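Please look through the sequence and the model shown here before reading on. The report below goes from one residue to the whole chain and then back to single places along it.

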Amino acid sequence: MTCAASPECAGSARQPYGRCLAHLEHHELDEVVRGLSPGSAIDLRGTVIGKDLLERVLAPTRGRLGRARFDLAVFSEDVRFRDVVFSGDVSFDQARFHRLASFVGARFAGNVSFREVRFVREVSLHGVHVAGHAAFDRVSAGRDALFGAARFARTVSFEGAEFHDFAAFDGALFQGDVTFRGCRFGRAVSFRKTVFGGLAGFEATRFWAGGYLAPASVGRRLTLAG
């Protein structure tokens, strides 16, 4: 059920209010926040999320979330999930980040999906740890995209992703297979000291500027076909 506040709002409705968290009255949001604790699940699908709303939600969880759903959400201000622990599966599919999106040092205990997310400005997943599968298919990053020192324990997919500015994967560890099939790198991209534990697939990838793939190590197979 979507928010009843206006026909234009696609936010997930919180019961019994029938409106998304962004359209709750102050006392209603206070009541919702009092029900949150470390490990709580949150549903902010389709919601317009400003800095204040995000901080209100994160504070009672002490930076530890359960199942988290941000599909189609619109982040209108800088977003910082620094060192947040996601103990359940997380989805940001088709979300929009209009300013900085920082996940530095975040921990994902389950699967995480960023399919078709648009990062208008910088995005940083530097030093994140992902224990489950990770999907970044058809992501669009308008400015720098930083994945340095990230750790991915299972399969990762960047199929059809577009990086319009500098992208860095230096020192990242992909323990399972990773595919960059059909990616577009508009500026320099660096994979220096990246470790690919399984397959590293770059089929039909386009490097419009410098692409630095060495020194790196590949455990099973590297493909640059097409």
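## A phenylalanine and its contacts

Leaving aside neighbours within four places in sequence, which residues is Phe180 in contact with? In this predicted model, Phe180 is in contact with the phenylalanines Phe158, Phe169, Phe174, Phe185, Phe191, Phe196 and Phe202, and also with Gly201, Glu203 and Thr205, once its neighbours within four places in sequence are left aside.

Phe180 also has a place in the largest nonpolar core, which holds 64 residues. Within that core, Phe180 is one of the six residues that touch the most other members, and the others are Phe92, Phe103, Phe158, Phe163 and Phe169. Helix H1, residues 26-34, and helix H2, residues 51-58, each supply at least two residues of this core, and the largest share, 4 residues, comes from H2.

## The chain as a whole

The secondary structure of the chain comes to 2 helices and 32 strands. Its radius of gyration is 18 Å, close to the 17 Å that the globule rule gives for 226 residues, and the chain is therefore as compact as a globular protein of that length. Along the principal axes, the C-alpha trace spans about 55 × 30 × 25 Å.

Of the 226 residues, 48% count as buried. The accessible surface of the chain comes to about 10400 Å², and carbon and sulfur atoms account for 49% of that surface.

## Two buried residues

Is Leu53 buried or exposed? Leu53, which lies in helix H2, has a relative accessible area of 11%, and because this is under the 20% cut-off, the residue counts as buried. Not counting residues up to four places away in sequence, Leu53 touches Leu21, Ala22, Leu29, Thr47 and Val48. Ala209, by contrast, is 156 residues from Leu53 in sequence, and the two C-alpha atoms are 39 Å apart in space.

Ser124 has its place in strand S14, which covers residues 123-124. The relative accessibility of Ser124 is 10%, so this residue counts as buried.

## A partly exposed strand residue

Val195 lies in strand S27, and with a relative accessibility of 33% it counts as partly exposed. Leaving aside its neighbours within four places in sequence, Val195 is in contact with Ala172, Leu173, Phe174 and Ser217. One of these, Phe174, is also a contact of Phe180. Val195 and Ala59 are 136 residues apart in sequence, and their C-alpha atoms are 35 Å apart in space.

## Backbone details

Most residues other than glycine have a negative phi, and most peptide bonds are trans. With this in mind, some places in the backbone deserve a careful look. Lys193 has a positive phi of about 60° although it is not a glycine. Lys193 is placed in the loop between strand S26, residues 189-190, and strand S27, residues 195-196, and at 65% relative accessibility it counts as exposed. Ala204 likewise has a positive phi of about 60° without being a glycine, and its place is in the loop between strand S28, residues 199-201, and strand S29, residues 206-207. With a relative accessible area of 31%, Ala204 is partly exposed.

Which form, cis or trans, does the peptide bond from Gln15 to Pro16 take? The bond is cis, with omega near 10°, and Pro16 lies in the segment before H1. The peptide bond from Ala214 to Pro215 is cis as well, with omega near -5°, and Pro215 is found in the loop between strand S30, residues 211-212, and strand S31, residues 217-218.

Definitions and conventions:
Residues are numbered from 1 along each chain as its sequence is written. This is a predicted model: local features need pLDDT of at least 70, side-chain atom pairs count only at pLDDT 80 or more; totals for chains, interfaces and linings use all residues. Side-chain values use heavy atoms; hydrogens and water are left out. The radius of gyration is taken over C-alpha atoms; the globule rule is 2.2 Å times the number of residues to the power 0.38. Buried means under 20% relative accessible area, exposed over 50%, partly exposed in between (1.4 Å probe, protein chains only). Accessible areas come from the Shrake-Rupley method with a 1.4 Å probe; for residues, only the protein chains shown count as cover. A nonpolar core is a set of buried Ala, Val, Leu, Ile, Met, Phe, Trp, Tyr and Cys residues joined through side-chain atoms within 4.5 Å. Contact means heavy atoms within 4.5 Å.
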